[in-house]
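Welcome! Please keep the 3D view open as you read.

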Amino acid sequence: MAKRWKIEEKIKAFDSLKKNLPKKVGNAAKNHFLMSWQKKSFSNEAIGSDPWVSRKKETDKTRGRALLVERGHLRRSIQVKQAVWNKQNPKGLIRVGSYGVEYAKYHNRGGRHLPRRQFIGESRVLSKRINVIAQRELRKIINV
């Protein structure tokens, strides 16, 4: 016998998905970008695919300190600023970035005599992770 769907429940579940999925995706992106500090690389094609350049010289001030960390402002600046579903953009609107730290772009892109140590940006690894999250959430609705 075929399984019967309760259409009202499915509609409610999809409405809930539209509210919660952008937040889950935004948090997944933020966590992906924060992992750059642990891996000392930006994961784009494969995990660890864009390793950060080591320091040219250790000083008493930098000895034992992680790259791109002096006070932790840069790392803490990674935030999910917006994660909503809207009718104008069926995919939703998700903004994750470095906010309030002017020098972030110089570290991320390189410049002003700084080597490029990318920690944020488009990533195939992240895109695959987002697809897995979306598929898992959709399966929960369809199979229940």
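In the protein chain, residues 24 or more positions apart account for 58% of the contacts with a separation of 6 or more, where contact means heavy atoms within 4.5 Å. This is a predicted model, in which local features need pLDDT of at least 70 and side-chain atom pairs count only at pLDDT 80 or more, while totals for chains, interfaces and linings use all residues. Residues are numbered from 1 along each chain as its sequence is written, and side-chain values use heavy atoms, with hydrogens and water left out.

**Overall build**

- The protein chain has 4 helices and 4 strands; these are DSSP runs numbered from the N terminus, with helices (H or I) of at least four residues and strands (E) of at least two.
- Along the sequence, they follow the order α-β-β-α-β-β-α-α.
- The C-alpha atoms fill a box of roughly 70 × 30 × 20 Å along the principal axes.
- The radius of gyration of the protein chain is 20 Å, whereas a compact globule of 144 residues would have one near 15 Å; the radius is taken over C-alpha atoms, and the globule rule is 2.2 Å times the number of residues to the power 0.38.

**Surface and interior**

- Buried residues make up 28% of the 144 residues; buried means under 20% relative accessible area, exposed over 50%, and partly exposed in between (1.4 Å probe, protein chains only).
- The protein chain exposes about 10400 Å², and carbon and sulfur atoms supply 52% of that area, as computed by the Shrake-Rupley method with a 1.4 Å probe.

**Salt bridges**

- There are 10 salt bridges in the structure, each being a side-chain nitrogen of Lys or Arg within 4 Å of a carboxyl oxygen of Asp or Glu.
- One of them joins Lys24 to Glu137, with the closest N and O atoms 3.1 Å apart. Lys24 sits in helix α1 (residues 7–39) and Glu137 in helix α4 (residues 124–143), so this pair ties together parts that are 113 residues apart in sequence.
- Lys24 is partly exposed at 35% relative accessible area, while Glu137 is buried at 9%.
- Glu137 also meets Lys140 in a salt bridge, 3.2 Å from N to O. Both lie in helix α4, 3 residues apart, or about one turn of the helix.
- Through shared partners, salt bridges join Lys24, Arg136, Glu137 and Lys140 into one network.
- Elsewhere, Glu102 and Lys105 form a salt bridge, their closest N and O atoms being 2.9 Å apart. Glu102 is exposed at 55%, and Lys105 is partly exposed at 33%.

**Aromatic rings**

- The whole structure contains 3 aromatic pairs. Rings of Phe, Tyr and Trp (its six-membered ring) pair if their centres lie within 6.5 Å; planes under 30 degrees apart count as stacked, over 60 as edge-to-face and the rest as tilted.
- Phe33 and Phe42 are stacked, at 6.4 Å centre to centre and 20 degrees between the planes. Phe33 is buried at 5% relative accessible area, and Phe42 is buried at 1%.
- Trp37 and Phe119 form a tilted pair, 5.1 Å centre to centre with 50 degrees between the planes. Trp37 lies in helix α1 and Phe119 in the loop between α3 (104–109) and α4, so the pair ties together parts 82 residues apart in sequence.
- Lys81 lies over the face of Tyr99, 5.1 Å from the ring centre; a charge counts as over a ring if NZ of Lys or CZ of Arg is within 6 Å of the ring centre and within 35 degrees of the ring normal.
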